[in-house]
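Please read the points below alongside the sequence and the structure. They are written for a reader who is new to such descriptions.

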Amino acid sequence: MNTSRNANNGSVSADDALARLMEGNARFLRGRPRFSRVPKEVLAALAKGQRPYATILGCSDSRVPPELLFDAGFGELFIIRVAGNIVSPKVLGSLQYAGMHLNTQLFIVLGHEGCGAIQAALAAKFQGAQERSRIQLLLDNILPGLEEIESQLPHEQQLERAVEANVRWSMRQLLETPEGRARMAEGRMKLVGAVCEIATGRVRLLA
């Protein structure tokens, strides 16, 4: 994986971006974030354009704001949030924009413990629960990734495994797109899965 800064567009390499994110999460966990206030001149500069160093597909849950978890400033992260961090044509369009026009090399799928969308998908899978039509469409996007989750597992373990399985399912869908395959073949793009621990804010990278 190329770890140098790209001379053509100034974008941050995938490895450098991942290191910056995890350093930010460490600062957050220590209670020593850098970004408590944002100078007005920073916002004025950003009005001219954005150059984020990483793209994050995360869940809409209000307890897991990526900017805070990674102690990132304005303009540093390109964030797409949707319940269950699902992949859809609109999400794919946003991700493609980040790669093609913003030149981010690192893409992270960020799930989180206790995800309500995953709990609802498990209820649909094992108990036949039904949600309203649009929520059900969302769950239908999640269910294919939960095929190997076993019904006899204790609920907490079942949910933990399902959250990770859903992150990996989203990653798989991204890698199966023509754009994903092409960018991985170039050797610049890096796709990483992660799970946020709700009680601590710690972000755990998936192997």
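This is a predicted model: local features need pLDDT of at least 70, side-chain atom pairs count only at pLDDT 80 or more; totals for chains, interfaces and linings use all residues.

**Note on the protein chain**

1. The protein chain contains eight helices and five strands. Helices (H or I, at least four residues) and strands (E, at least two) are DSSP runs, numbered from the N terminus. Along the sequence, their order is α-α-β-α-β-α-β-α-α-α-α-β-β.

2. Residues are numbered from 1 along each chain as its sequence is written, and side-chain values use heavy atoms, with hydrogens and water left out.

3. How does the radius of gyration of the protein chain agree with that of a compact globule? For 207 residues such a globule would have a value near 17 Å, and the protein chain has 18 Å, which agrees. The radius is taken over C-alpha atoms, and the globule rule is 2.2 Å times the number of residues to the power 0.38. Along the principal axes, the C-alpha atoms fill a box of roughly 55 × 40 × 30 Å.

4. Of the 207 residues, 46% are buried (under 20% relative accessible area; exposed is over 50%, partly exposed in between, with a 1.4 Å probe and protein chains only).

5. Side chains of opposite charge can pair when their charged atoms come close. A search of the whole structure finds nine salt bridges, each being a side-chain nitrogen of Lys or Arg within 4 Å of a carboxyl oxygen of Asp or Glu.

6. One of these salt bridges joins Glu164 and Arg204, at 2.9 Å from N to O. Glu164 belongs to helix α7 (residues 155-175) and Arg204 to strand β5 (residues 203-205), so the pair ties together parts that are 40 residues apart in sequence. Glu164 is buried, its relative accessible area being 18%.

7. Arg172 and Glu176 form another salt bridge, at 3.1 Å from N to O.

8. Arg188 is partly exposed, with a relative accessible area of 22%.
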